[in-house]
Amino acid sequence: MNRKIVIGIVAVAILAIAILGMWLNFCDKQSLKWVIQDENAYDGFSWLSNNTKEGETVLAWWDYADGIEKIGHREVVIREASREIKETISGMHEYPWSWIEYELWYPFESEDKVRDVANFFITENSNESISIARKYSADYVLVVYPHDIWKFGAIVMGSGNKPRDYVTGNFTSNERWLMEVENRTVIKKETVGIKMIYGDEVDGFEKVFDNTEYNVETSEIFRAAIRIYKLKE
């Protein structure tokens, strides 16, 4: 067989194997493993399934769409990140070639919808949030503490604003930063989203689920919490 033909066949085979490997890795990133492993997250999504009506819609940041849809069996406003904030997708930076996987297979969400959801969370006016929720027929809002504080910079970016105007800190999981989160010293603006993440009262919304767990001696939160708010009629 001609040497050039052999080299061509080998090259095609290597390329096919590489693409298959990237596809399998991409699919693994889209799995529900993290939800199943996180007991609090699983409980929160299950609550939706057992306590809300079929066809109702949940407004949340895109990271939680799979849990809401596949465990909570409810509709979501956005399922993925928009192309404009693709750099905030952690999976794109896992390997040098990960960006290729996302360019090939990631179903980017519309910029307008992501921007609206981001604006829901960063506004300080609850009436504006209510208007956005109603625009998409959302019945509930789901947030996760403290994860959504760490993600708030990305949420602000999704709105087209600058993260440093809303939050501060080095956004790591170290003990000092978590203490700053608990004390709210990383927060620059008390937005609707921030209030919900911390479990506060928000005009126009009723908190209907909160599985926060506290250390009895110190009153500090020691597990991630799902908090769900219902839009008042």
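**Buried elements and their packing in the predicted model**

With a relative accessibility of 8%, T123 counts as buried; buried means under 20% relative accessible area, exposed over 50% and partly exposed in between, with a 1.4 Å probe and protein chains only. The model is predicted, so that local features need pLDDT of at least 70 and side-chain atom pairs count only at pLDDT 80 or more, whereas totals for chains, interfaces and linings use all residues. Residues are numbered from 1 along each chain as its sequence is written, and side-chain values use heavy atoms, with hydrogens and water left out.

T123 is located in the loop that lies between helix 6 and helix 7 (126-135); helices (H or I, at least four residues) and strands (E, at least two) are DSSP runs, numbered from the N terminus. The T123 side chain forms a polar contact of 3.0 Å with the side chain of E128. A polar contact is a pair of N or O atoms within 3.5 Å; within protein, one must be able to donate a hydrogen and the other to accept it, and residues adjacent in sequence count only if both atoms are side-chain atoms. When residues up to four places away in sequence are not counted, T123 touches E128, S129, T191 and V192, where contact means heavy atoms within 4.5 Å.

In overall composition, the chain contains eleven helices and five strands. Of its 233 residues, 44% are buried. The accessible surface of the chain is about 12,800 Å², and carbon and sulfur atoms account for 52% of it; these areas come from the Shrake-Rupley method with a 1.4 Å probe, and for residues only the protein chains shown count as cover. Of the contacts between residues at least 6 apart in sequence, 63% join residues at least 24 apart.

The strands form an open sheet of five in the order 2-1-3-5-4, with mixed pairing. Strand 2 (75-76) and strand 4 are the edge strands, each pairing on one side only. Two strands pair if DSSP finds at least two bridges between them. Strand 1 (residues 57-59) pairs with strand 2 in the parallel sense over two bridges, and T57 has E75 in strand 2 as its bridge partner. Strand 5 pairs in the antiparallel sense with strand 3 (residues 140-145) over six bridges, V144 standing opposite I226 of strand 5. The pairing of strand 5 with strand 4 (residues 205-210) is antiparallel over five bridges, and here Y229 in strand 5 is the bridge partner of K207. Because six of the seven residues of strand 5 (residues 225-231) are buried, this strand is largely enclosed by the rest of the structure.

I130, in helix 7, is buried at 12% relative accessibility. Leaving aside neighbours within four places in sequence, I130 contacts D203, G204, F205 and L231. The C-alpha atoms of I130 and F205 are 8.4 Å apart, although the two residues are separated by 75 residues in sequence.

Helix 9 (residues 152-159) is likewise largely enclosed by the rest of the structure, because seven of its eight residues are buried. The buried residues are F152, G153, A154, I155, V156, G158 and S159, and they pack against helix 6 (111-122), helix 8 (147-150) and helix 11 (192-197). Just after helix 9, G160 adopts a positive phi of about 90°.

The largest nonpolar core has 62 residues, among which W61, F120, L142 and F152 touch the most other members. A nonpolar core is a set of buried Ala, Val, Leu, Ile, Met, Phe, Trp, Tyr and Cys residues joined through side-chain atoms within 4.5 Å. Beyond four places in sequence, W61 touches I78, I85, V114, V117, A118, F121, A154 and I155.

Seven aromatic pairs occur in the structure. F120 and F121 form an edge-to-face pair, with 5.1 Å from centre to centre and 80° between the planes. Rings of Phe, Tyr and Trp (its six-membered ring) pair if their centres lie within 6.5 Å; planes under 30 degrees apart count as stacked, over 60 as edge-to-face and the rest as tilted. F120 is buried at a relative accessible area of 0%, and F121 is buried at 2% relative accessibility. The pair of Y145 and Y198 is tilted, because the ring centres are 5.3 Å apart and the planes stand at 55°. Since Y145 lies in strand 3 and Y198 in the loop between helix 11 and strand 4, this pair ties together parts that are 53 residues apart in sequence. Y145 and Y198 are both buried. W47, Y140 and F209 form one aromatic cluster.
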